[in-house]
Amino acid sequence: MSSNATITRSNLSLLPAFGLGLGVAVGVGLARFAYALLLPAMRESLNWNYVAAGSLNTANALGYIVGAVSAYFLLRKIRPVRASCSLQDCC
């Protein structure tokens, strides 16, 4: 086997992971935009006032911020390869 075949095989093994990650990113992005469009309809159908709907939207935004900041610090502390290996052991 030549070294070029090994490099190609190594790169191909990352394609499914990249595709799955891209699919999750697209799904989350679409859900975030859909949530903003659905909030007025949710407010009307659930008979919420503007304070309740705004509180739900604020909690959603805080969840995104806490998740992003905690992922940043987690990945600075633990290498991504080690984190993904530990996740695979749990599943």
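This passage walks through the predicted model of a single protein chain, from its overall layout to a few side-chain details. Residues are numbered from 1 along the chain as its sequence is written. Because the model is predicted, local features need pLDDT of at least 70 and side-chain atom pairs count only at pLDDT 80 or more, while totals for chains, interfaces and linings use all residues, and side-chain values use heavy atoms, with hydrogens and water left out.

The protein chain holds three helices and zero strands, in the order α-α-α from the N terminus on. Here helices (H or I, at least four residues) and strands (E, at least two) are DSSP runs, numbered from the N terminus. Of the 91 residues, 5% count as buried; buried means under 20% relative accessible area, exposed over 50%, and partly exposed in between, with a 1.4 Å probe and protein chains only. The accessible surface comes to about 7,700 Å², and carbon and sulfur atoms account for 70% of that area (Shrake-Rupley method, 1.4 Å probe; for residues, only the protein chains shown count as cover).

Confidence is given by pLDDT, the predictor's score for each residue from 0 to 100. The chain averages 79, and 74% of the residues score at least 70. Among the elements, α2 has the highest mean pLDDT (88), whereas helix α3 (residues 80-90) has the lowest (59). Where pLDDT is low, the predicted coordinates should not be read in detail.

The loop between α1 (3-45) and α2 (50-77) contains Asn47. Phi of Asn47 is near 55 degrees, a positive value in a residue other than glycine. Most residues other than glycine have a negative phi. Asn47 counts as exposed, at 71% relative accessibility. Arg43 lies over the face of Tyr50, at 4.1 Å from the ring centre (CZ of Arg or NZ of Lys within 6 Å of the ring centre and within 35 degrees of the ring normal).

One aromatic pair was found. Rings of Phe, Tyr and Trp (its six-membered ring) pair if their centres lie within 6.5 Å; planes under 30 degrees apart count as stacked, over 60 as edge-to-face and the rest as tilted. The ring centres of Tyr72 and Phe73 are 5.2 Å apart with planes at 70 degrees, so this pair is edge-to-face. Tyr72, in helix α2, is partly exposed at 45%, whereas Phe73 counts as exposed at 51%.
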